[in-house]
Amino acid sequence: MSDRTDYGPVLGSGYIHLASTIVLGFGIFLAYQLWKNPLTRQVGLIILAVSVIPAVITIFRFMRLRRALGTADLDFEDSVPLGFSGTATYARPLRGAELRTIEARLQCEEEVVRGGRKQKKTIQKVVYDEPLTPSVTPAMERLEVRIPVKIPTTGPSTMWCEEAKITWWIRLKLRMAGCPNTASSFQIQVLPAVVER
Amino acid sequence: MIRIDLAQDEIRNGEHLRGRAQWTSEGKDARKLEVLCRWRVEGKGSKHEEIIDLEIDVAPGAQATIPFDFEIPMVGPLSYDGKLFRIVWEIVARADLPFAFDAEEIKPFTVRPRPYVPEEFEEPEDEEDEDEEEGEEEEEEDAGS
């Protein structure tokens, strides 16, 4: 089966980036206001310098992460119908970093869009959640993880239309040494057919 | 009055659902009788529906029977009863009555997953590629002759 898109790597929680951006914006605004008065210019510069710090840290951490981890791939041996039992291989380059622990989950998510054109609201709910037991294969400058995956025979299969969606995900959380922790998410298409044993 | 008879209430994706819709007038003759196969998303605020196929009998009069044979697509979707929404498959028969509310009858059925055969779900090759291949074959034949 072909490679799947990695909806990552993600650097920590999205709120950290949001908070650092808000602090930076607030700092620029205050500095601009204080710059108008020659007596408060120095205070404005200090505020600006302090507000830049979280954004710089975030950018630095992200650069370190991108340098240490290349793009990840998730490969399946075969297509994935209902009742599938097989192994997915997660691989990604590692440069000067080391994997401490990895946590993998298989999740099925429902999504509906409610409301009219002006007040569209998307609601998501995880309807299936199972921890997976990945095994790491040691390799030089490369991370290779084999993940046994079992899709329940009762489904559901992947579907999407304008207002509703069913998606299956393999989500990974990686605790790293030598670079910030990260996460990867891969969407898998579960076919509307069942493996009969 | 409309009556829908299905050959089976459960079917697999990719199979044909056969049956018939019978219309018997209770006073007014119908101008049109239509039978359609559809699936829809049922949930709070969700109203998505897709019609798969349609059979129409124009001017059925006081009595008519429409036999139908609808193919359920391989790609589904399958019937589903989830937490946020349901996917419901149904046959809808509707009689268009003059100067009156249309008569309607709905019969739900279930679409279950078919047994997995890898070849059935292989993606078809692009037509352009096929054309190119055919072109190459023709060129080879020309060169041979």
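## Chain B

In chain B, residues 24 or more positions apart account for 63% of the contacts with a separation of 6 or more. The model described here is a predicted one. The secondary structure of chain B consists of 1 helix and 10 strands. Followed along the sequence, these elements give the pattern β-β-β-β-β-β-β-β-β-β-α.

Chain B has 145 residues, of which 35% count as buried.

## Extent of the interface

Chain A and chain B touch each other through 28 residues of chain A and 25 residues of chain B. The area buried between the two chains is about 2,000 Å², and carbon and sulfur atoms give 67% of this area. Three residues, A:E110, A:R114 and A:P192, supply 26% of the area that chain A buries against chain B, which is more than any other three residues supply.

Between chain A and chain B there are 0 salt bridges. The count of residue pairs in polar contact between chain A and chain B, with both residues at pLDDT 80 or more, is 7.

## The side of chain A that touches chain B

Several strands of chain A give two or more residues each to the side that touches chain B: β2 (80-82), β4 (98-114), β5 (121-132), β9 (164-177) and β11 (190-194). The most is given by β4(A), with 5 residues. Sorted by class, this side of chain A has 16 nonpolar, 3 polar and 9 charged residues.

## Strand pairing between the chains

Strand β11(A) also takes part in pairing across the two chains. Its partner is strand β10 of chain B, residues 114-115, and the two strands run in the parallel sense over 2 bridges. Within this pairing, A:A193 has B:R114 of β10(B) as its bridge partner.

## Strand β1 of chain A

Within chain A, β1(A) pairs with strand β3, residues 85-93, in the antiparallel sense over 4 bridges.

How values were computed: Residues are numbered from 1 along each chain as its sequence is written. Chains are lettered from A and ligands numbered from 1 in the order in which they are written. This is a predicted model: local features need pLDDT of at least 70, side-chain atom pairs count only at pLDDT 80 or more; totals for chains, interfaces and linings use all residues. Side-chain values use heavy atoms; hydrogens and water are left out. Contact means heavy atoms within 4.5 Å. Buried area is the accessible area (1.4 Å probe) that two parts lose on being put together, summed over both. A salt bridge is a side-chain nitrogen of Lys or Arg within 4 Å of a carboxyl oxygen of Asp or Glu. A polar contact is a pair of N or O atoms within 3.5 Å; within protein, one must be able to donate a hydrogen and the other to accept it, and residues adjacent in sequence count only if both atoms are side-chain atoms. Ala, Val, Leu, Ile, Met, Phe, Trp, Tyr, Cys and Pro count as nonpolar, Asp, Glu, Lys and Arg as charged, and the others, Gly among them, as polar. Two strands pair if DSSP finds at least two bridges between them. Buried means under 20% relative accessible area, exposed over 50%, partly exposed in between (1.4 Å probe, protein chains only).
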